[in-house]
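Biologist: I am new to this structure. Could we go through it together, beginning with the charged side chains?

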Amino acid sequence: WVRKMAEATQNALLAAIPLVPTAGVVVWTVALYPRLWLAFGVLFGVSAMAFVVCLQLIPPLKEMTLKAGLGGFDINKKGTPMGEHKVPESLGIVPGVLHIMCVIVFQVYYYLAEAPDTPWLVALADYNAALAATIFMLFLGFVDDVLELRWRYKLILPPMASLPLLISYAGSTTVIVPNPFAFLLGRVLDLGILYKLYMCLLSVFCTNSINIFAGINGLEVGQSIVIACAVIVHNSLQLSSESGAAHLFSIFFLVPFLATSLGLMWFNWYPSKVFVGDTYTYFAGMTFAVVGILGHFSKTLLLFFIPQLINFLYSLPQLVGIVPCPRHRLPKYNTQTRLLEPTPNLNLVNLTLRLTGPLSERNLCIVLLAFQILCCFVAFGIRYTFIGEMFYED
């Protein structure tokens, strides 16, 4: 009993590391805009309800998914009693559906309550495009969990899901050229259709990068929570900018996502009682692509994906077939030491184990999430220092 209480306390402290600073920045920023107080009160209330409902829905639904044959063994616990029982899969459908319901409910409230001439009014087309893209990817992820789609389809379908975003995108297609190259290309360069191609590729990257940076309990949801917190802080700091309404839209979209993801994390943290499946990773990735594109901060978004970029580049030889790629690129569990050891597979999980030596699954996840948090701090350092001025300031 004492050990369980100690672990619960430690888990709560770990969760507070990204959540408390995020909450502090949001409260401090919103306090400067009294007109938004009621809207944020409703947003936080709806999101809190979604968190509670998520906690209530997952236990009965995990039994239903097992009965439907959606379950799998935890390979990282092979040879232990926990590795002999199937774990329910595809439970990412619960936060996905709840998130969409929250966004729709809040959307209805906001457009009924806000004056049509307010500068904070988010374009209705943006909301609908965002919902269409996330619903499509949630559906695709669930289909992948059931049918196990081949990689060619996983690369083709995200661009199709991003079409509503590209059509609704009303922002600039220009980029600010860094000072060292300005004399060649000019200070501002209009990429035109190439910029929209970049945004399409961004949706492909976001949906698949979380999917391949996975394999241990809590990692998929944990990295999504950290990234969501970082993006919300960035949005809060940009509310006074010319694109403040777009950043406000991002906050409205991400706060329910963060709440429902925390509900899922309750069951997915080590030792995992449920698996999130591709349902969650695709849904989470498209959610970030949606806010990055429609919030007009797609370049900044990539800064928060530094671990995912490293993992993708390091995994590339296996992903393109230069090096043999097994179905599961997981570490190896040593039943004697009860620790995870690296395998020859090329991903950030195994690379971390090579650098640190064998670790327990829980500690390995903590190390990787700590790296994610560190990279987010680096991203803020790049974005809000003289380095960022080369890209964001004239």
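Modeller: A salt bridge here is a side-chain nitrogen of Lys or Arg within 4 Å of a carboxyl oxygen of Asp or Glu. This is a predicted model, in which local features need pLDDT of at least 70 and side-chain atom pairs count only at pLDDT 80 or more, while totals for chains, interfaces and linings use all residues. Residues are numbered from 1 along each chain as its sequence is written, and side-chain values use heavy atoms, with hydrogens and water left out.

Biologist: How many salt bridges does the count come to by this rule?

Modeller: The count is two. Asp74, Lys77 and Glu361 are linked in a network.

Biologist: How far apart are the closest N and O atoms of aspartate 74 and lysine 77?

Modeller: They are 2.6 Å apart. For glutamate 361 and lysine 77, the closest N and O atoms are 3.0 Å apart.

Biologist: Is lysine 77 buried or exposed?

Modeller: Lysine 77 is buried, at 4% relative accessibility. Buried means under 20% relative accessible area, exposed over 50%, and partly exposed in between (1.4 Å probe, protein chains only). Aspartate 74 is buried at 6%, and glutamate 361 is buried too.

Biologist: And what share of the protein's 394 residues is buried?

Modeller: Buried residues make up 51% of them.
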